[in-house]
Amino acid sequence: MRGHDRQSDHELTGRRSAGDRGPVVRTDRAASTAGQAWSAGDLSPHAVSDLQNSAGNAAVAASLAGQRQQHGSQPPVQRMFQKMKNAVSGNRSAAQQEVNVRVGEDDIPMTRQGAFYVFRTPQGGRAYIHDVAVVNGVLNDDLTPHVMKYRMGGLALYRGIPRHHETWHDVNGGGVIPPLGSGELPDYATNNTSFIPFSPSERVARGSAVATRGMAERNRAEYVQGYSRSNENFFVGLVATVVAGPNLDVGFFNGGEVQIRGPVHGFETNHIRMGTDVQEALTGTPGDPREPISENRPNTPNEEQKKEFEKEHGMLP
């Protein structure tokens, strides 16, 4: 489970880059118009007006004006970028072509939406599978068992939430894991999406729960209300566990990150405290001899340090 919420997870980020440049159009000499078919998108309203004032071009101008009315006054370049935007964002108005994707022994009909293969379950949920996980129409071995468990209603997922995370009080006191964004599709940058990152690996989640830093400077383990290394009952973080079934919208990225559309309810929590054994905090199994995790936490800031921090970042959460 990665860390863009950006929560304090040490998650991997996925980035795509597009370096291809479009063709260069020369403007240093006039191009021949012989035999060229014009469309309304090639001409400005001023050019159409000129045609209307030219002998013999009234019919052509009328046709072009009609085309322009159908297209609207949007310039061709803007129309091109709008089409590109629709393709990337998975605009639902675009035609969706159905394809079969092999998941284990099953061929599942799916449609493309943005960077995802999408299918709806009979129980009403939607599965979003990132296209990097599908090669030649076959889902990779990394995600196949997770998608199969999801379809059967038994995919256990874990989310680690440290005490300094923005959603701590919602989760610990309110019984809900809220999303950080509102976007329709899953996204690695979780402040842009209504999906929330989890992991099929409990160890990954435990590592996130005890992280001492988040993506924002204000997300620091020692700068929260009541922080003290000497208080063995002080909460360091928690691990939330949920079983994801086909009634939920779930985004599949890779074997380490699976996202659920939020808000998420009905989860179990396992708290990690200052007195928790460090090996138990990280793996779920106590070490021998036991060593409290407090030995590895940041020093407790003094009052002056807290005031300086609050002056720059606001009140301690």
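Let me start with A133, which touches V138, L139, N140, L143 and F253, leaving aside residues up to four places away in sequence; contact here means heavy atoms within 4.5 Å. This is a predicted model, in which local features need pLDDT of at least 70 and side-chain atom pairs count only at pLDDT 80 or more, while totals for chains, interfaces and linings use all residues. Residues are numbered from 1 along each chain as its sequence is written, and side-chain values use heavy atoms, with hydrogens and water left out.

Where does A133 sit? Its place is the loop between β4 (126-130) and β5 (134-135). Helices (H or I, at least four residues) and strands (E, at least two) are DSSP runs, numbered from the N terminus. A133 is buried, at a relative accessible area of 1%. Buried means under 20% relative accessible area, exposed over 50%, and partly exposed in between, with a 1.4 Å probe and protein chains only. G255 is 122 residues from A133 along the chain, yet 9.8 Å separates their C-alpha atoms.

Next, the cores. A nonpolar core is a set of buried Ala, Val, Leu, Ile, Met, Phe, Trp, Tyr and Cys residues joined through side-chain atoms within 4.5 Å. The largest one has 32 residues, and I129, L139 and F252 have the most contacts inside it. Strand β9 (residues 235-244) gives the most to this core, namely 4 residues. I129 touches M110, A115, F116, Y117, F119, V134, L139, V147 and F252, again not counting residues up to four places away in sequence. There is also a second, separate core of 14 residues, with V210, V224, Y227 and F234 among them.

V147 takes us to helix α4 (residues 144-152), where T144, H146, V147 and Y150 are buried. They lie on the same side of α4, because they cover an arc of only 165 degrees around the axis; the arc is that of the directions from the helix axis to the C-beta atoms. After α4 comes G153, with a positive phi near 90 degrees.

Now the sheet. Two strands pair if DSSP finds at least two bridges between them. Three strands form an open sheet in the order β7-β9-β12, with antiparallel pairing. β7 (155-162) and β12 (268-273) are at the edges with a single partner strand each, so one side of each has no neighbour in the sheet. On average, neighbouring strands of this sheet are turned by 20 degrees against each other, direction ignored. Axes are lines fitted to C-alpha atoms, for helices over the stretch in contact, and angles run from 0 to 180 degrees between N-to-C directions. Between β7 and β9 there are 8 bridges, and I161 has L238 in β9 as its bridge partner. Helix α6 (residues 202-209) packs on the sheet and touches β7, β9 and β12; its direction makes about 15 degrees with that of β7.

Elsewhere, strands β1 (residues 98-103) and β2 (residues 106-113) run antiparallel, joined by 6 bridges. E98 has T111 as its bridge partner in β2. The two strands form a hairpin with 2 residues between them, and G104 in the turn has a positive phi of about 65 degrees.

Last, the whole chain. How many helices and strands does the secondary structure come to? The count is 8 helices and 12 strands. Of the 317 residues, 41% are buried. Among contacts between residues at least 6 apart in sequence, 67% join residues at least 24 apart.
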